[in-house]
Structure formats: structure tokens, C-alpha cells
Amino acid sequence: MHTKLGSEQVQPYLGGFWNPFCRLVMLSNTCRTSVQALRVGGRHVCRGLKTKSSSADAAQAAAVVKGKDTGETMRPLYLDAQATTPLDPRVLDAMMPFTVGYYGNPHSRTHAYGWETEKAVEEARKEVADIIGADPREIVFTSGATESNNISVKGVGRFYKSKKKHVITTQIEHKCVLDSCRALEGEGFDVTYLPVKPNGIIELEKLEAAIRPDTSLVSIMTVNNEIGVSQPIKEIGELCRSKKVFFHTDAAQAIGKIPLDVNDMKIDLMSISGHKIYGPKGVGALYIRRRPRVRIEALQSGGGQERGMRSGTVPAPLAVGLGAACRISQQEMEYDHKRITALSERLINKIMSALPQVVRNGDSEQTYPGCVNLSFAYVEGESLLMALKDIALSSGSACTSASLEPSYVLRAIGADEDLAHSSIRFGIGRFTTEEEVDYTAERTIKHVTALREMSPLWEMVQEGIDLKNIKWSQH
Amino acid sequence: MAASTRSVVLSLYKKILRESKNFSGYNFRMYAVRRTRDGFRANKDETDPVKIQDLIQQAEESLQVIKRQVVIGQLYSTEKLVIEKDM
């Protein structure tokens, strides 16, 4: 059965738009499909989804899969490297001393407790700077890429507000950039949301045409979090520099995975996240160029730490973790990239060779291989996710995975509504194994086949009926 | 490589591999074993004695990191992954 339940169909029974159980109820409807699919598959992995359980129970239930044959609880495989990555044991090892013995405030200037953590934080700052070819004085520690993006977009916009009131970004940016732009619009700024080509890459000519004399900032992400496409950052940087416009890039998904150099690529501001590169959650960094100097209006008032750009005590253990994560990523970049490319090809080849009508979203060349976004025609993404309960996957961004709306990124690249609804993102990382990739491919093939067999639409397509020409009756 | 260095390297390699297999988490265990093998293989033809000493130093530090992290991993272990049942 291939059903797409609109939220309005479920709402009357639940009352209230933002009902936390809304999604569970809807999923349990589609779950029937999944359970059947699983029986067809001859393997028992799905438990009944309780709609009235507390959200904690739901989280617990969703986290563990029960094996029928053994009865013991087992954890799903992790293939969602774009949402977050596990903390590398080497990173944890670097952090541990600062969570145990060395607990001083790095801003304390009057005693050894402060000095020792300050030294470690400054070493970490250098490690972050090194991976992007920056000077340590250009690195500001923040709470993550969301904060870095906020400081960049709002901070630069507001500082130059008296003369320049125009900001350019793209339609496929992360929510925090788009939302910061919306906030600026509310303050009287003009924002251009550049469209992208069907392969997800921006057109430089369109960017050039969009730049105006009063443009203060261009913000374009390096690697997209949903479809993995990699933008021509160097060309964008050169264009922005020639037009004397500041260029900010959200490199949360790119840093440590592809080589980046802020001077070579003429980047003025760059957002970095810790937990996307096997570092700790809750820490990130912002690169702010000193020459030519980029000035920003700080968002947070306080003690003036981080050169006044980001007040608040620097969390020394997290900063040390971010530094270690950057150092290890730099050392391992070539090794990881080679491996992730091989695993990515393995996954794509296995799935594509076994299943017809699978579309890879985003450009297949200008991309980060660890992010594979596939659309399985005539299969609803949520049903497939339910069927693939023993693999931690996502249909797109974790931030928007609570809604059943198709991804705005997929819509921006012109994907049909039904294809946008049938997408799954496979995230491959440093710790992914061949066995995990094989298991994922095998399960995906099995369940997509089973779900299609049940789908009347798929049957019609097999009979040669063009679904686009059907006049559906209105209910 | 001098015979004495050779035995030092081989012994370190065996120790690191043995310790890596103690990681309770599947992904860290597989990674540690794989990375150790690939790392030693990548440098097996190294002839510069200074570089060799440097690599030995690095390997010894890695061994200590792995030992500590194996303990932490065992203290806070999780359920096995779905693909581990056959292992």
C-alpha cells in the first residue's frame, strides 16, 4: 500500500497541530505496511509502535531492535554520519584530563589552574586553525556551527547595516542560515535566496548578477548536509573578493573531509562543528578573517572572552576535543576519504544494480561521497525507514526529521514531490564497515522490493500506465 | 631495518592488534584493527632510522591510548549491533 497521509487527516483525532504523538500515529498506520513487508522478508525486526507511551519510552523503543531468534536486544547499525558522528576514542582520550584533573577556568590569569587549561585551549585553537590554513588568532570557539552561522550572518549584516543592507544565500542552506536571514529580513534587510541547478550546485553567473553595491555578505555552504553536493568554493571566494563582498561558508559537513584552505579559497568567515568530525557535541568554531578585516557585531554580551566575539567561558574539555578532532581528521583525511569513497561506491553499486528506478539526489561528481541521498520511486520514505528499523537512517536533516514535509533541499533541486517523499540519506563515516554497508544494501533491496510489490502505483507503472496522466478523483 | 628494531616493531604491532580486539564497541574494534594493520603496512618499507624511531614512538603512544579507551569502552558498553549476532 502506498499511502501518503497528510497531517490534516490525523489532526482531528489528536487535536492540536503540534502533538508529539502525531508522527507516531501516522507511522503506525504505515507500519502495517512495514510489518507485512517484514513478514514477506521472513525476518522479525519491527515491534508495535505504542502511540500513547511517553516520549522517553518511544525513544527507548526506537533505539533498540529485538532479534526474534535470540531474544536479546540489539542496536541498529549507524548510518547517519551527517546527523552526528561518534566521538573518536583518540578525541575522548585527549579530553579526559580536562574533565577530571585540569578543571581550571581558561580565563583565570592568577593561578596555575587557569594557565594549564589556557595553554591547552590555545593549542586546540592552533589545531583548528591548521586544518583550514588560518592563523590561531582568527579562530573563535562557539557552541557549534549553528551559533557560528548566526554570528556570521547576523553579526556581519548588522555591523555594516548603515551602508549595506543586502545579504545573499542559497535555497539549500542549513535551517540556521536561512532562519538568520529571515531575522535580518525582519530588521529591514534585503535577502536573495539563490536557486540551485538540478544537480544542487549554484550558478556563478547568477551569484555574480545577484551581487549589488550594497551587498555585505554572501553565505554559501561548502558541503550540503542532505544531498552532499560540494559547491565551487574557490570560484565563489574569488568572485566575492573581486566584488569586495564578505564570503561566509558553513563548512560543518566539509571540514576534515575535504581539503580546505581559507587563503587559497578566499573565505572570510567559516563555520566549524565538533560533532560532525568525531569530536564532542556542543562545541564549534568560527573563523573570522583578520586581513582584510571582517568586523562583526557580537550577539552575546558578557565578559568579552574570545576577543569580544563570543562572551562566555570557553568549555576547555570541549575545545580540546575539537582541536584533537581537527588534528586527527587532518592526519586521517586521505585514509578516510579513500575508504569512504570505496564504501560509498559499494553501497550505490549494490543498490543500483539490484533495483530499478533509484535516483541519486545531487551531483554525483561534485559531491562528498560519505553522503548518499537516494530516492526510491514508488516507495514512501517513511515506510522504508520503518521497515529498516535495524539501521539508523534518516530521510534528510535531523532538524526537520520530525515533520513529514518533503525536504526543502530536495524541492530546491527540482525533485518531484513523490520522489522527494521517497528519499533516504545514507551517511558513511570513519567507523563504517564493509559488513554494515552490505547489510544495509541487502536490507534496502529486500524492503524496497517488498514495498513496491504491495504498491498499486508500482503495479500500474509495471503495466505501462503513466501515473502523471491519471485523473485522481477528489475525496 | 636492523634486526633489533624489527623485533621491537613486530612486538608493538602484535600488542596493539591484541589490545584493539578488546574494544567492546563493534565499530571502534573493527576500526582499530584495520587502522593498525594499514598503518604498519603503509610504513613497512621505511628505511630512515629517525623516521622509524618517530613511528615507534607514535605506536607506543597509540597503544597507551587504546589501553585506556578499551577500559572506558568496557565500563560504558552498549548492546551489540544487529550484525554482531553471527560473530
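First, the ground rules. Residues are numbered from 1 along each chain as its sequence is written, and chains are lettered from A, with ligands numbered from 1, in the order in which they are written. Since the model is predicted, local features need pLDDT of at least 70 and side-chain atom pairs count only at pLDDT 80 or more, while totals for chains, interfaces and linings use all residues; side-chain values use heavy atoms, with hydrogens and water left out.

I will start with the interface. Chain B puts 20 residues in contact with 27 residues of chain A, contact being heavy atoms within 4.5 Å. About 2300 Å² is buried between the two chains, and carbon and sulfur atoms give 62% of that. Buried area here is the accessible area, with a 1.4 Å probe, that two parts lose on being put together, summed over both.

Now the charged pairs. A salt bridge is a side-chain nitrogen of Lys or Arg within 4 Å of a carboxyl oxygen of Asp or Glu. Between chain B and chain A there are 2. R68(B) makes a salt bridge with D93(A), with the closest N and O atoms 2.6 Å apart.

Which elements of chain B supply at least two residues each to the side that touches chain A? They are α2 (26-42) and α3 (49-75), helices being DSSP runs of H or I, at least four residues, and strands runs of E, at least two, numbered from the N terminus. The most comes from α2(B), with 8 residues. By class, this side of chain B has 10 nonpolar, 3 polar and 7 charged residues.

Next, the second largest pocket. A pocket is an open set of points on a 1 Å grid over the protein atoms alone, where a 1.4 Å probe fits, with protein on both sides within 12 Å along at least five of seven lines; lining residues have an atom within 4 Å of a point. The lining has 46 residues, and those nearest the centre are G39(B), F40(B), Q58(B), A59(B) and S62(B). Both chains take part: α4 (89-100) and α10 (316-354) of chain A, and α1 (3-20), α2 and α3 of chain B, each give two or more residues. The largest share, 13 residues, is from α3(B).

Last, salt bridges overall. The count over all chains is 31. One of them joins D268(A) and R241(A), at 3.2 Å from N to O. D268(A) sits in the loop between β8 (246-250) and β9 (269-273), and R241(A) in helix α9 (residues 233-242), 27 residues apart.

How values were computed
Nonpolar A, V, L, I, M, F, W, Y, C, P; charged D, E, K, R; others polar.
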